Amino acid sequence: MTDEELLTELEAALRTADEVPAEFVTAGKTAFTWRGIDAELTFDSAGAELVGTRADSASVRALTYTAAEVTLEVEVGPDALHGQVVPPQAGEIDVRLRDGGTTTVQVDAVGWFVVRPKPAGTFRLRLRTADGKTVLTDWTSLAGS
């Protein structure tokens, strides 16, 4: 083996050692998506197994996002999302679509909000309360609703 061939093989070996395994990249991206998520989806009537029980199918899909100090309860209607902030408080909700679009709706003093039209694709909600708290939900899809 010549010096040139040895250097080529050493270079190839070092390049392979520097590559990050695909599963590490996937785990890192997954961990990053959870950064900043404050409210976890704790109930989805379309997938009642999230709470460990089975439920009869309902005509309205219900979602519950729970954070440390606030809960967002959302009903998915035929043309809109109807929501309630618990405990009731005023604020704003940003509806962020996966494709980049954002719509902002007002939350009234009793915590009620309506998002019309309902998001067509995957979305997440960001609540900003009147007293400055911010709560971000995970991405949610209404496919089949």
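**Figure 1. Salt bridges across the model.** This structure has 7 salt bridges, a salt bridge being a side-chain nitrogen of Lys or Arg within 4 Å of a carboxyl oxygen of Asp or Glu. Side chains of opposite charge can pair when their charged atoms come close. Keep in mind that this is a predicted model, where local features need pLDDT of at least 70 and side-chain atom pairs count only at pLDDT 80 or more, while totals for chains, interfaces and linings use all residues. Residues are numbered from 1 along each chain as its sequence is written, and side-chain values use heavy atoms, leaving out hydrogens and water.

**Figure 2. Asp 44 meets Arg 61.** Here the closest N and O atoms of the salt bridge are 2.6 Å apart. Asp 44 sits in strand S1 (residues 40-44) and Arg 61 in strand S2, so the pair ties together parts that are 17 residues apart in sequence. Strands (E, at least two residues) are DSSP runs, numbered from the N terminus. Asp 44 is buried at 8% relative accessible area, and Arg 61 is buried too, at 12%. Buried means under 20% relative accessible area, exposed means over 50%, and partly exposed is in between (1.4 Å probe, protein chains only).

**Figure 3. Asp 79 meets Arg 116.** Zoom in on this salt bridge and you'll find an N to O distance of 3.7 Å. Asp 79 is in the loop between S3 and S4, and Arg 116 is in the loop between S7 and S8, so their pairing ties together parts 37 residues apart in sequence. Asp 79 is partly exposed, at 43%, whereas Arg 116 is exposed, at 51%.

**Figure 4. Asp 94 meets Arg 128.** The closest N and O atoms in this salt bridge are 2.3 Å apart. Strand S5 holds Asp 94 and strand S8 holds Arg 128, so the pair links parts 34 residues apart in sequence. Asp 94 is buried, with 6% relative accessible area, but Arg 128 is partly exposed, at 26%.

**Figure 5. Inside the largest nonpolar core.** This core has 21 residues, and Tyr 65, Ile 93, Phe 113, Leu 125 and Leu 127 have the most contacts inside it. Among the elements giving it two or more residues are strand S2 (61-66), strand S5 (91-97) and strand S8 (123-129). A nonpolar core is a set of buried Ala, Val, Leu, Ile, Met, Phe, Trp, Tyr and Cys residues joined through side-chain atoms within 4.5 Å.

**Figure 6. Tyr 65 and its contacts.** Leaving aside residues up to four places away in sequence, Tyr 65 touches residues including Leu 41, Leu 72, Phe 123 and Leu 125. Contact means heavy atoms within 4.5 Å.

Methods: Helices (H or I, at least four residues) and strands (E, at least two) are DSSP runs, numbered from the N terminus.
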